[in-house]
Each structure stands twice: as C-alpha cells, then as structure tokens.
Amino acid sequence: LGELTGRARDMDVYLEELDGYISILPDDLKDGLGPICEHFRKVRDTEYKKLRRFMRSDDFTKLVDGWDRVTGTYSETGMKGFIRTDKAAERALEKAFHVADTLTSSISGETTDPQMHSMRIAFKKLRYTVEFFTQVIGASKTADVLSSLRALQDCLGRYNDFSVQCWNMTGIMVKQTDAKVASVCGYILSYLSMKKDEERHNAEALISDFRKKRKHVKKALGIK
C-alpha cells in the first residue's frame, strides 16, 4: 500500500511546487512549464487509478480484514506475552538505535542518495519507537531526543524529496525533443540541485550533532 500511495503523493508534491517555479524562469520560457505540469498530471492520474484498482481488489480486502483481526482481538503468543513492558521497550529501542547508529557511522561526502534514504527510514523508525514507549521511559527524558529526531526526519525527508525530483526532472529533460521545454527542465533542475545541496549540508550537520550526543541519547532512552 505504501508503494502505491508513494508515487501518487510524489506527483501531488511536484504539481504543487511546479507553480512556484515559474518565478525562476525567464519570461520567454514560462510557457514551457505547461507541458511539464501536464506530464506530472498524467502520471498522477495513472497512479491514482492503480491505487483505486487495488482498493477494489481481493488483496486489499484481505489486508483490511487482517488488520481488523489484529486490532479487534487480544491474545498472547507463548511466553512473549509475559515480557515486561520496560524490557520490551529496551529491546526495541536498542535495535532501532543500533540501526541508525550503524548507518550513520561512516557518513561522508561519498554517501549516496539511497544510503541517505536508508538513514531517513532508520531515524523515522527510531523516532516512532521512542514515541511509542515514551510513557515507559518518561516524557522528560525523551523530549530532547524526540526534538532531534524530528529535525533529522524532516531534513532528510526534504533531501529525499529533492533527490527524487531531480531524478524525475532529469528523466523528462533527456527525453525532450522540444528545446524550450528542455530548457525549462534545466532551469528547474539547477534550482532543485541547489536546494538538495543545502539540505545535504543541513542533514550532515544534524547527523554529526546526533552522533556527538550518542551517549546522552542512550542514557535518556535507558539502553546500553
């Protein structure tokens, strides 16, 4: 479901932001933006059709029924049902922290966009795990950690959006036979690349700061 909604969501973001790009274009290129917007509208409509088709399918019905069974019943699975909440929190937090810590341990200027994306997912999972167990850990202990994780997730999210937009805009540009539309793609791509570089710098600074505070974070979360 996430895969199906992700592409449609990307197209909505592009269309919302493309209108704002007209201000960076020279007057003689402004009318070249129309075909690009139309391209994204067609892709978006296709993705929404796929999503609607899936939501009418047996697979979607099974997915919903499965979640209804999970949320509508109470059960304990063997001895796992008797694990103390604080111990469960410690295990989950240690696992989520370890993944984020490992992925960011060697970040450099050579770190690729897919690797940055993996870091974003890791920080997102760590943040949601911390939020889930906040009542167990204590809100006063998690406040600073969550603030850092939200900033990281937001920054890495923007970076990922710019990365995907650059990739899509490049794809459109290389296939263009209309010189004006290709020039518009080039202008927008230059702008997106600049914004992407800014977010990369911000992300590296936030990750560096997070790693400097590793001991504080682990102590606040009660993990080893």
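Which residues lie nearest the centre of the largest pocket? They are G6, R9, D10, R120 and N160, among the 15 residues that line the largest pocket. Welcome to a predicted model, in which local features need pLDDT of at least 70, side-chain atom pairs count only at pLDDT 80 or more, and totals for chains, interfaces and linings use all residues. Residues are numbered from 1 along each chain as its sequence is written, and side-chain values use heavy atoms, leaving out hydrogens and water.

**The largest pocket**
- A pocket is an open set of points on a 1 Å grid where a 1.4 Å probe fits, with protein on both sides within 12 Å along at least five of seven lines; lining residues have an atom within 4 Å of a point.
- The largest pocket holds about 400 Å³ of space.
- Helix α1 (2-21) and helix α7 (139-175) each give two or more residues to its lining, and α1 gives the most, with 9 residues. Helices here are DSSP runs (H or I) of at least four residues.
- The lining of the largest pocket divides into 3 nonpolar, 6 polar and 6 charged residues.

**The second largest pocket**
- About 190 Å³ of space lies in the second largest pocket.
- Its lining includes R7, H39, W167 and K175, and the largest share, 5 residues, comes from α7.

**A helix pair**
- Helix α2 (residues 33-55) packs against helix α8 (residues 179-212) at an angle of about 75°, with axes 8 Å apart.
- That angle makes α2 roughly perpendicular to α8 (the term covers 65 to 115 degrees).
- L33, P35 and I36 of α2 meet V181, V184, C185 and I188 of α8, where contact means heavy atoms within 4.5 Å.

Notes
Axes are lines fitted to C-alpha atoms, for helices over the stretch in contact, and angles run from 0 to 180 degrees between N-to-C directions. Angles under 35 degrees count as roughly parallel, over 145 as roughly antiparallel, 65 to 115 as roughly perpendicular and the rest as oblique. Grid points are joined across faces, edges and corners, and a volume is the space filled by probe spheres set on the points. Ala, Val, Leu, Ile, Met, Phe, Trp, Tyr, Cys and Pro count as nonpolar, Asp, Glu, Lys and Arg as charged, and the others, Gly among them, as polar.
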